[in-house]
Amino acid sequence: MPAEYREEPCRSALNRVTGMPFGWSLNPYMGCAHRCTFCYVRGFEKRADRPSDDRYGRSIRVKTNVVEVLRRELGRRSWKHEGVVIGAATDPYQPAEGRYRLTRGCIEALAAARNPLSIITRGPLIVRDVDVLTEAARNASVSVMFSVPTLDRRIWKATEPGTAPPRQRLRALTRLVDAGIDAGVGMAPILPGLSDRPELLADVVRAARDAGATSIWTGLLNLRPGTREHFLENLARDWPALLPRYERLYRGRAYLGKAEVEPVRREVAELRERFAIGDRRRVWILPAAEPPADEQLELTLSDGRAVAPSRAARAG
């Protein structure tokens, strides 16, 4: 069943975030056609009394005026040019972006405001926007994180039904790195008993290194209400033998404890060292220094001509 797109204006573009390693997020769309079975946003949807089951991702809200609203918000005197993460609650490069180009417009607005930005995506469509990303990187810090939890074809197809193949995402990463963009890999979420097998973890880290990833990190599955019901229902269909293990692991909690998390983190850290993951870009884009305030102003001479201050000094 194809997704339905609801074109609706928004009142705000930037969202204040708490409890995360970043303070502001931006989501040009709400709802995600990728329909990953483990998506943590399903938990937020359930709390908001919206569908978190298989209906999630069938109806996508398109914030038609988000670029204009964002430009206004970035222009406020109170805005402190803090970093903005695009895609914290939906993939900004899901199929809708091919038609609406809202993510591209938001990047252009952030670039014009010389505002730092980061992007989280599973969408290879991002290569279309290499030009605006490189322009943004000349004005402020820019980074992209590609979500690649596994390369295993069966796990990918069962848990990320609407996404592009993982190796296609890695090819997109290479395009960005070759252009000078800081692009890494997020191995998340890792699924106990499935994608946490050492050989599968090694496959991802090795492929990330070969693609030129500048960094890599990992995180394990969390199952808050909304996500829990949908994920376990799909797990019972695809890997029924694992269902008792998950019910035991996540009984009474949404997040795994240190005993389950640390071994996977150590494994990935050792693989990061073994495969020498690091920033090996041949092209670097560094933000240019912002011009002094007096060079950003124009003066109007008595005859009505507008000139920069340096020229005004000569004209006087």
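Across the whole structure, a search finds one cavity of 30 Å³ or more. A cavity here is a set of points on a 1 Å grid, over the protein atoms alone, where a 1.4 Å probe fits but cannot get out. The model is predicted: local features need pLDDT of at least 70, side-chain atom pairs count only at pLDDT 80 or more, and totals for chains, interfaces and linings use all residues. Residues are numbered from 1 along each chain as its sequence is written, and side-chain values use heavy atoms, without hydrogens and water.

The largest cavity holds about 30 Å³ of space, a volume being the space filled by probe spheres set on the points, which are joined across faces, edges and corners. Its lining (residues with an atom within 4 Å of a point) consists of T37, A158, T159, F231, N234, L235, D238 and W239. Two elements give two or more residues to this lining, α6 (153-159) and α9 (227-238); helices are DSSP runs of H or I, at least four residues, numbered from the N terminus. The largest share, four residues, comes from α9.

Turn now to the helix pair. The axes of α2 (residues 66-74) and α4 (residues 102-112) come within 9 Å and cross at roughly 15 degrees. Axes are lines fitted to C-alpha atoms over the stretch in contact, with angles from 0 to 180 degrees between N-to-C directions. That crossing makes α2 roughly parallel to α4, a term for angles under 35 degrees. The contact (heavy atoms within 4.5 Å) involves V66, V67, L70, R71 and L74 of α2, and L102, G105, C106, E108, A109, L110 and A112 of α4.

Conventions: Angles under 35 degrees count as roughly parallel, over 145 as roughly antiparallel, 65 to 115 as roughly perpendicular and the rest as oblique. On a 1 Å grid over the protein atoms alone, a cavity is a set of points where a 1.4 Å probe fits but cannot get out, and a pocket is an open set with protein on both sides within 12 Å along at least five of seven lines; lining residues have an atom within 4 Å of a point.
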